[in-house]
Amino acid sequence: MLAETLAVAALVCLDPGHGTPLAIGRQREPIGPGSPVTKIKDGGGAPGEEEVVLAIARRTRALLLRRGYRVAMTRDGPTFRGGNIERARFCNRRGAALMLRIHADGSSDPSRRGVSTLYPARRRGWTDDVYGPSLRAARSIQRSLVATTGAPDLGLVQRSDLTGFNWADVPVVLVETGFLTNPAERRLLRSSSYQWKVARALTRALGPAA
Ligand SMILES: [Zn+2]
């Protein structure tokens, strides 16, 4: 089903999380168009997250290109000079078939581990147009991640509060690829072989490009 969705445009917009300079990251932005609720642009993420998710995004790009997809990345270096509205707009402008946000988790409980996939809650005017394909992509990605990595399945998580979801006009999901606060998962996430494994899982989930 996702392959059919993607066949129309076949551009995947990869969005490795964080890497926002502090001065920009602490600025606030509305969580959705016209919303009085604001959130900071970037809280910085888990320790070391920005490097790990960039490495996974680059590997995913390599595999997607090999499959015939076009790929854009919100950042291909340590820094993204904007907030989540800018990230969403970057992918909107390119008419992405999917905005794939790549993150790693953190917790005060070091035993917590596993993968989850976040998708936007349905809200009229914000996400109703992208809700269905986003949920389908999330299901496919979560299934593939669990099957390929063997990581504990923390399931799908619907979110109404993520700026990067509410401003997206293209299908969007966010993968939490594991916990950097768990010693074993941290070691895996920082290894090239596991980064490739996650990249393979993400690529497989999207199916053929056309
Ligand atoms: Zn993050």
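Residues are numbered from 1 along each chain as its sequence is written, and side-chain values use heavy atoms, with hydrogens and water left out. Because the model is predicted, local features need pLDDT of at least 70 and side-chain atom pairs count only at pLDDT 80 or more, while totals for chains, interfaces and linings use all residues.

Six strands form an open sheet in the order β4-β1-β5-β8-β6-β7, with mixed pairing; strands here are DSSP runs of E with at least two residues, helices are runs of H or I with at least four, and both are numbered from the N terminus. Two strands are said to pair if DSSP finds at least two bridges between them. The edges are formed by β4 (70-73) and β7 (153-159), each of which pairs on one side only. From one strand to the next the twist averages 20°, where axes are lines fitted to C-alpha atoms, for helices over the stretch in contact, and angles run from 0 to 180 degrees between N-to-C directions.

Strand β1 (residues 11-16) is largely enclosed by the rest of the structure, because 6 of its 6 residues are buried; buried means under 20% relative accessible area, exposed means over 50%, and partly exposed lies in between, with a 1.4 Å probe and protein chains only. In a regular strand the side chains alternate between the two faces of the sheet. In β1 both faces are covered, with L11, C13 and D15 buried on one side and V12, L14 and P16 buried on the other. Strand β1 runs parallel to β4, to which 4 bridges join it, and it pairs with β5 in the parallel sense over 5 bridges. V12 stands opposite V71 in β4 and opposite L98 in β5. Elsewhere in the sheet, strand β6 (residues 115-120) and β7 pair in the parallel sense over 5 bridges, and V115 stands opposite D153 in β7.

The zinc ion has as its protein donors H18 (NE2), E49 (OE) and H103 (ND1), which lie 2.0 to 2.1 Å from it. Donors are N, O and S atoms within 2.8 Å of the metal (3.2 Å for Na, K and Ca), and since water is not among the atoms, sites may look incomplete. Along the chain the donors follow the spacing H-x30-E-x53-H. E49 in helix α3 (residues 49-66) and H103 in strand β5 (residues 98-105) are 54 residues apart, so this pair links distant parts of the chain. E49 is buried, with a relative accessible area of 2%, and H103 is also buried, at 10%.

The largest pocket has a lining of 27 residues, of which H18, N84, R101, H103 and L162 lie nearest its centre. On a 1 Å grid over the protein atoms alone, a pocket is an open set of points where a 1.4 Å probe fits, with protein on both sides within 12 Å along at least five of seven lines, and lining residues have an atom within 4 Å of a point. The largest share of this lining, 4 residues, comes from β5. By class the lining has 6 nonpolar, 11 polar and 10 charged residues, where Ala, Val, Leu, Ile, Met, Phe, Trp, Tyr, Cys and Pro count as nonpolar, Asp, Glu, Lys and Arg as charged, and the others, Gly among them, as polar.
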